[in-house]
Structures are given as C-alpha cells and as structure tokens.
Amino acid sequence: MASVSAFTISPSFPFSTSHKPKKKPISSSIFSQKGSQFVPRREILKGFTLLPLSFPLFQSLNPLPSLSKEIEVGSYLPPSPSDPSFVFFKASPSDTPALRAGNVQPYQFILPPTWKQTRVANILSGNYCQPKCAEPWVEVKFEDDKQGKIQVVASPLIRLTNKPNATIEDIGSPEKVIASLGPFVTGSTYDPDELLESSVEKLGDQTYYKYTLETPYALTGTHNLAKATAKGSTVVLFVASANDKQWQASEKVLRTMLDSFQL
C-alpha cells in the first residue's frame, strides 16, 4: 500500500550590457474596445463568481451521485441460499483491478442486507501496480456502524514464499502466516500475544487458516477475525473487525460472515 518533493529551477539568462528599453507599466485594469472606457479587473472577476454551477468547469467539481451515495447491499445483492437473512456477494472482474487482471481468484461470502459497501482509495486498491504488485492491497470493503466492518486483502505470494503456486500449508503454520499478515489485519502492528485462537479448515481442495485476535491497539478495531488462503500467485485474507460495543452485539454475525468466505 511515496512522497513527492517539488523543487524550483531558476532560469538563467545571458547577461547583456546593451541598452534595454524601459518597460511600460501594465495597468491593473482591463479595457474594452468600445471607446476608451476602462473596466476594472475586479468587476470582471465578480462576473465569474456569478456564473451558474451548471457551467462545466464547476460541474466537474461536484461528486457524482453514484459514487457518493451508500446503498444497503440488500437492495441489489441476492439472498443467500444457505441463510435468507443474509445476502450473497461473489466478486467479479468488474469489482476490482486485481480480478480484472486475473491476479486474484473470484471469492465469495455472505453479509447482512443492511451493510454498505465503501470505496477503497485508489492508492490502496492496487490499481496502480496490477498485474505485478509488490505489496498487499485492499480488494473490497463493507461496513455497518452497529455491527463492524469487513475487508478482503490480497498479498503477492512471493512476499511470503519463493515457491510458485504454493498452498497456504507450503507457506508455513497458521502462526507463521499470521505473523506476516498480522499488520494487514490490525492496520498497524501485530503482537503474537494478540492471537487468541487459530484453526485449519478444508473446503474441497482449498485449505484455510482461521484466526481470532484481541487487538487493543489496532486501528481496525479491538476485536478481529481473519481467514487466509493461497491460490495461484496470491494470498487472500478476509478480515472482520469490531470495537467492544459492536463485538458484544454482533460477534455471531461476524463469525458467520468469516465462515462463509471462500475462493
């Protein structure tokens, strides 16, 4: 997931001892061609401020309604076949740059219909580096103010192992994998003491590592659930996060969402 420094180069001009004609002072007023009547510059600038906001220059500054309006996922996602109280999300190439590039296998999970999808900042989405990103990126994000938030994070496999097409077991134990991916769960740092529980799950021929973490200093929330797997050239991580109040009310919902995640 680089600072740009700006500097000024002062141009140098050849020195000449020849006589230079004096420059005539430029008036701060702009005049029209109708006679010699002057129109003060401030009057012209005042006229620009009165232009309607439908003028294209100003219209482009307004956010598009489709990009700024958050909509509950229940209004456009189908009910989950396994539990109609949830809706079903399956990522497609139209959803993220990595899916369009074929860098991530399509993934799916269920979530409550009241949740809303939030925008991923371009610098975090991997849009600038696909198809060969060197650092992890965020695929999608959803949240609910009362229940918590989830995100799918993808990491280049080579960041964890040099073995091509490695499985999650090839990378190492659950503890070794979370040691590498922990900061992308917490949004800050990872301490092994924050890991409360880990387990291994098999779904078909795909293996997943599951984690429960208590993270008092995490930026994502004081409680985090995570599920990781590897396929192709990418490790994919599902993260569900909540603060103390959200956790008390929605731990079961967040675990259901975590369990449903798969490639």
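In which strand is the place of leucine 213? Leucine 213 is found in strand 9 (residues 206–214); helices (H or I, at least four residues) and strands (E, at least two) are DSSP runs, numbered from the N terminus. The structure is a predicted model, in which local features need pLDDT of at least 70 and side-chain atom pairs count only at pLDDT 80 or more, while totals for chains, interfaces and linings use all residues. Residues are numbered from 1 along each chain as its sequence is written, and side-chain values use heavy atoms, with hydrogens and water left out.

Leucine 213 has a relative accessible area of 2% and is buried, where buried means under 20% relative accessible area, exposed over 50%, and partly exposed in between (1.4 Å probe, protein chains only). Leaving aside neighbours within four places in sequence, leucine 213 is in contact (heavy atoms within 4.5 Å) with Ile178, Val185, Tyr190, Glu194, Leu195, Leu196, Thr222, His223 and Asn224. The C-alpha atoms of leucine 213 and tyrosine 190 are separated by 9.9 Å, the two residues being 23 residues apart along the chain.

Valine 140 belongs to strand 6 and is likewise buried, at 2% relative accessibility. Its contacts, leaving aside neighbours within four places in sequence, are Phe89, Thr96, Tyr107, Phe109, Gln117, Val120, Ile150, Gln151 and Val152. Valine 152 is twelve residues from valine 140 along the chain, and the C-alpha atoms of the pair are separated by 5.5 Å.

Strand 11 (residues 234–242) has nine of its nine residues buried, so this strand is largely enclosed by the rest of the structure. In a regular strand, side chains alternate between the two faces of the sheet. Both faces of strand 11 are covered, with Thr234, Val236, Phe238, Ala240 and Ala242 buried on one side and Val235, Leu237, Val239 and Ser241 buried on the other. Strand 11 pairs with strand 7 (residues 148–156) in the antiparallel sense through eight bridges; two strands pair if DSSP finds at least two bridges between them. Nine bridges join strand 11 to strand 10, also in the antiparallel sense. Leucine 237 of strand 11 stands opposite valine 153 and is also the bridge partner of alanine 228. Strands 10 and 11 form a hairpin with two residues between them, and glycine 232 in the turn has a positive phi of about 65°.

The largest nonpolar core has 33 residues, a nonpolar core being a set of buried Ala, Val, Leu, Ile, Met, Phe, Trp, Tyr and Cys residues joined through side-chain atoms within 4.5 Å. The residues with the most contacts inside this core are Phe89, Tyr107, Phe109, Leu111, Phe142, Phe238 and Met257. Two or more residues each come from strand 3 (87–90), helix 4 (97–100), strand 4 (108–111), strand 6, strand 7, strand 11 and helix 8. Helix 8 gives the most to this core, with five residues. Methionine 257 touches Phe86, Phe109, Ile110, Leu111, Pro112, Trp115, Ile150 and Phe238, not counting residues up to four places away in sequence. A second, separate core of 21 residues includes Val153, Ile168, Val177 and Leu181.

Five salt bridges are present, each defined as a side-chain nitrogen of Lys or Arg within 4 Å of a carboxyl oxygen of Asp or Glu. In one of them, lysine 227 pairs with glutamate 201, with the closest N and O atoms 2.9 Å apart. Lysine 227 lies in strand 10 (residues 223–231) and glutamate 201 in strand 8 (residues 195–203), so the pair ties together parts that are 26 residues apart in sequence. Lysine 227 is buried at 0% relative accessibility, and glutamate 201 is buried at 18%. Another salt bridge joins arginine 255 to glutamate 251 (3.0 Å, N to O). Both residues lie in helix 8 (residues 244–260), four residues apart, about one turn of the helix. Arginine 255 is partly exposed at 27%, as is glutamate 251 at 29%. Aspartate 170 and lysine 163 form a further salt bridge, with the closest N and O atoms 3.3 Å apart. Aspartate 170 is partly exposed at 37% relative accessibility, and lysine 163 is partly exposed at 44%.

Tyrosine 128, in the loop between helix 5 (122–125) and strand 6 (137–144), is exposed, with a relative accessible area of 51%.
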